[in-house]
Amino acid sequence: MTRRCFFCESLKEASGEPVLLSPEVSHHVWRVLRHRHHDVVELRDGQGRKARARIRGYRQGRVALDILQVSRELREETSTALLIPWARSDRMDLVVRQAVELGVHELWFFEAEHSQYTVPEAQKARRLERYQKIAQEALCQCGGMWLPTMHAEDSLEDVWVRLEERPRDKSGELRLLACETGPRETLLSLRDRYPVMQRIVAAVGPEGGWTDHERHAFQARGFVPVSLGKHVLRFETACTVVLAAVEVLWKQAFHQEARNGARMETP
């Protein structure tokens, strides 16, 4: 089936002014998929807006479209942030793609003590640019509406500083630390104790695991050590598991309870 959903940074209400796709997206639309004049496609801007648009033409490497209709979707009530150390490029690419599919709001990258892969300061901006493109592609493929914000920090200490700069409602924020060893809670038990959360921050360690120093630092900042099952998971698998668990146990449960409440209030 021909793909008909594409990323567009700026969506406008129909006003007679065409919007232009980026050269990369335009090449894919015109040269690869061979869309042509008057084809109707869907656009998303990663900021909650989607639009139906008709292709007007192709000139100087850019596809121009007329906007037919624009709609906007509010962001989910429960926001999620994933804290992950740098890893090999192919693994990070997969984590970013699947995180977008699972509706993550923020991605924080940093170097852990057992990190087997580092990103030099001079390459971080280019790496984030790559992840942004991967996120845009994933957004259009999965039907999402919002792109995550991404942060590249030098160390875990820098992550602490950035996190503490933000106002925190302790009663509405749950912090999870995925661990392979030591005393841990299950996600189900946490769901029973904290059924409704406005924000969930989850940290997944590197292939070498967290050091004792890192675990203690996390716990001192309110992170709860949790188990992701009886098996030892690969880094990218652990990231997907924790985000999928948050999606099912908190996000979907929140929407179900909201719908049940709305039905009970209906006279």
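1. Y131 touches W86, M92, D93, V96, F109 and M150, leaving aside residues up to four places away in sequence; contact means heavy atoms within 4.5 Å. This is a predicted model, in which local features need pLDDT of at least 70 and side-chain atom pairs count only at pLDDT 80 or more, while totals for chains, interfaces and linings use all residues. Residues are numbered from 1 along each chain as its sequence is written, and side-chain values use heavy atoms, with hydrogens and water left out.

2. Y131 is also among the residues that touch the most other members of the largest nonpolar core, together with L82, I84, F109, L176, V204 and W250. That core has 45 residues. A nonpolar core is a set of buried Ala, Val, Leu, Ile, Met, Phe, Trp, Tyr and Cys residues joined through side-chain atoms within 4.5 Å; buried means under 20% relative accessible area (1.4 Å probe, protein chains only). Helix α7 (residues 235–265) gives the most to this core, nine residues.

3. Seven strands, paired in parallel, form an open sheet in the order β8-β7-β6-β11-β9-β12-β10. Strands are DSSP runs of E of at least two residues, helices runs of H or I of at least four, numbered from the N terminus; two strands pair if DSSP finds at least two bridges between them. β8 (149–152) and β10 (185–186) each have a single partner strand, so one side of each lacks a neighbour in the sheet.

4. Strands β9 (residues 173–178) and β11 (residues 199–203) run parallel and are joined by five bridges. L176 has A202 in β11 as its bridge partner.

Technical notes:
Buried means under 20% relative accessible area, exposed over 50%, partly exposed in between (1.4 Å probe, protein chains only).
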